[in-house]
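I opened a new page in my notebook for this model and wrote down what I looked up, one topic at a time.

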Amino acid sequence: MNVFKKELHVTIHGQTAKFRLVKYAILIPLFAVIYWWKGGEVLAWALGIALIFALAMHFFFRWKTNGWEDSWGPYKSLFKKE
């Protein structure tokens, strides 16, 4: 499986539907409150910081799981070793 297909597969199947619902049930109101409280410029900073954090976590988990091949921490491998 090439790298792009593997990344796409992990993106689609790496989190349960329940986890995604809870995640967005927290993040969307949080960002709405930031916008209401401090305005668009602070929201842009918050979204930028969240993006950097998300990318850092993605690459950290990718490194620790040897490119999604091994289970590590909360991640359980989606791919069978051949």
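The entries below follow the order in which I looked things up.

**Ground rules.** I noted that this is a predicted model, in which local features need pLDDT of at least 70 and side-chain atom pairs count only at pLDDT 80 or more, while totals for chains, interfaces and linings use all residues. Residues are numbered from 1 along each chain as its sequence is written, and side-chain values use heavy atoms, with hydrogens and water left out.

**Salt bridges.** I looked up salt bridges, where a side-chain nitrogen of Lys or Arg is within 4 Å of a carboxyl oxygen of Asp or Glu, and the structure holds two. In general, side chains of opposite charge can pair when their charged atoms come close.

I then checked how covered the two partners are, using buried for under 20% relative accessible area, exposed for over 50%, and partly exposed for in between (1.4 Å probe, protein chains only). Glu69 is partly exposed at 22% relative accessibility, and Lys6 is buried at 13%.

In the other entry, Arg62 forms a salt bridge with Glu7, and their closest N and O atoms are 2.3 Å apart. Arg62 lies in helix H3 and Glu7 in helix H1, so the pair ties together parts that are 55 residues apart in sequence. Arg62 is partly exposed, with a relative accessible area of 26%, whereas Glu7 counts as buried at 16%.

Asn66 lies in the segment after H3 and has a positive phi of about 55°, although it is not a glycine. Trp68 is also placed in the segment after H3, and its phi is positive at about 75°, although it is not a glycine either.

Ile26 lies in helix H2 and is exposed, with a relative accessible area of 53%. Ile34 also has its place in helix H2, but Ile34 is buried, with a relative accessible area of 19%. I also noted that the C-alpha atoms of Ile34 and Lys64, 30 residues apart along the chain, are separated by 33 Å.

**Pocket lining.** Which helices supply at least two residues each to the lining of the largest pocket? I found helix H1 (3–13), helix H2 (17–38) and helix H3 (40–64), with the largest share, nine residues, coming from H3. A pocket here is an open set of points on a 1 Å grid over the protein atoms alone, where a 1.4 Å probe fits, with protein on both sides within 12 Å along at least five of seven lines; lining residues have an atom within 4 Å of a point. There are 26 lining residues, and Gln15, Phe19, Lys23, Ala54 and Met57 lie nearest the centre of the pocket.

Methods
Helices (H or I, at least four residues) and strands (E, at least two) are DSSP runs, numbered from the N terminus.
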